[in-house]
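Work through the following exercises with the sequence and the model side by side.

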Amino acid sequence: MISEFVIGRHSRSNTVEAYRKMAPRTPWFVVGIFGVLSGFLVLSFYSVVAGWTVDYTMLSITGSLSGNQDFGEVFGGFVSHPYRPVIFLLLFLLITHVIVAKGIESGIEKFSKLMMPLLLVIIILLVVLSVSMPGAGDGCNCL
């Protein structure tokens, strides 16, 4: 990653052009193409998973998820639905677009200042709820 930052700073261009500038008349630009392609594929995968997360968050907030449900069936029903996964994917992409479109300072930075403390609160809440569940002591004693 640091190498890519150095290459980008040095060439002052996009990934593919950076490799063309640093190694002219060689096939090294293909490395830049694969870099862009892999970023696109990773973004595609994680956007879908984030859409699932948005759906589960909505189900949790509305109280539709309870401890006695078969979560495999809940997930299977979600992913086999004809348009629900697409709606939540688009909702996630819209939220992401709005944050990124606002720029670094008033978008990403402001959102991170809100979400990072919230993430810490969620983790602490998960730890507290996990160790207060029936049988949690048995799991902690295995250490």
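**Exercise 1.** How many nonpolar, polar and charged residues does the lining of the largest pocket have?

*Solution.* The model is predicted, so that local features need pLDDT of at least 70 and side-chain atom pairs count only at pLDDT 80 or more, while totals for chains, interfaces and linings use all residues. Residues are numbered from 1 along each chain as its sequence is written, and side-chain values use heavy atoms, with hydrogens and water left out.

Begin with the term itself: on a 1 Å grid over the protein atoms alone, a pocket is an open set of points where a 1.4 Å probe fits, with protein on both sides within 12 Å along at least five of seven lines, and lining residues have an atom within 4 Å of a point. The largest pocket has a volume of about 670 Å³, a volume being the space filled by probe spheres set on the points, which are joined across faces, edges and corners. Of its 20 lining residues, Thr53, Val54, Phe92, Phe111 and Met115 are the closest to the centre. Helices H3 (29–62), H5 (84–101) and H6 (104–131) are the elements that each give two or more residues to this lining, and H3 has the largest share, with nine; helices here are DSSP runs (H or I, at least four residues) numbered from the N terminus.

Now sort by class, counting Ala, Val, Leu, Ile, Met, Phe, Trp, Tyr, Cys and Pro as nonpolar, Asp, Glu, Lys and Arg as charged, and the others, Gly among them, as polar. The lining of the largest pocket then has 16 nonpolar, four polar and no charged residues.

**Exercise 2.** Describe the second largest pocket in the same terms.

*Solution.* The second largest pocket holds about 200 Å³ of space. Its lining includes Glu4, Ile7, Tyr19 and Val36, and at least two lining residues come from each of H1 (2–11), H2 (15–22) and H3. H3 gives the most, with four residues. By class, the lining of this second pocket divides into five nonpolar, six polar and one charged.

**Exercise 3.** At what angle do H3 and H5 pack, and which residues meet?

*Solution.* Two packed helices are described by the angle between their axes and the distance between the axes. Axes are lines fitted to C-alpha atoms, for helices over the stretch in contact, and angles run from 0 to 180 degrees between N-to-C directions. The axes of H3 and H5 are 8 Å apart and form an angle of about 100 degrees, and these helices are therefore roughly perpendicular (65 to 115 degrees).

Next, list the contacts, meaning heavy atoms within 4.5 Å: on the H3 side they include Ser47, Val54 and Met58, which belong to the set that meets H5 residues, among them Phe88, Leu89 and Phe92. The H3–H5 contact comprises ten nonpolar, two polar and two charged residues.

Terms used
Parallel < 35°, antiparallel > 145°, perpendicular 65-115°, else oblique.
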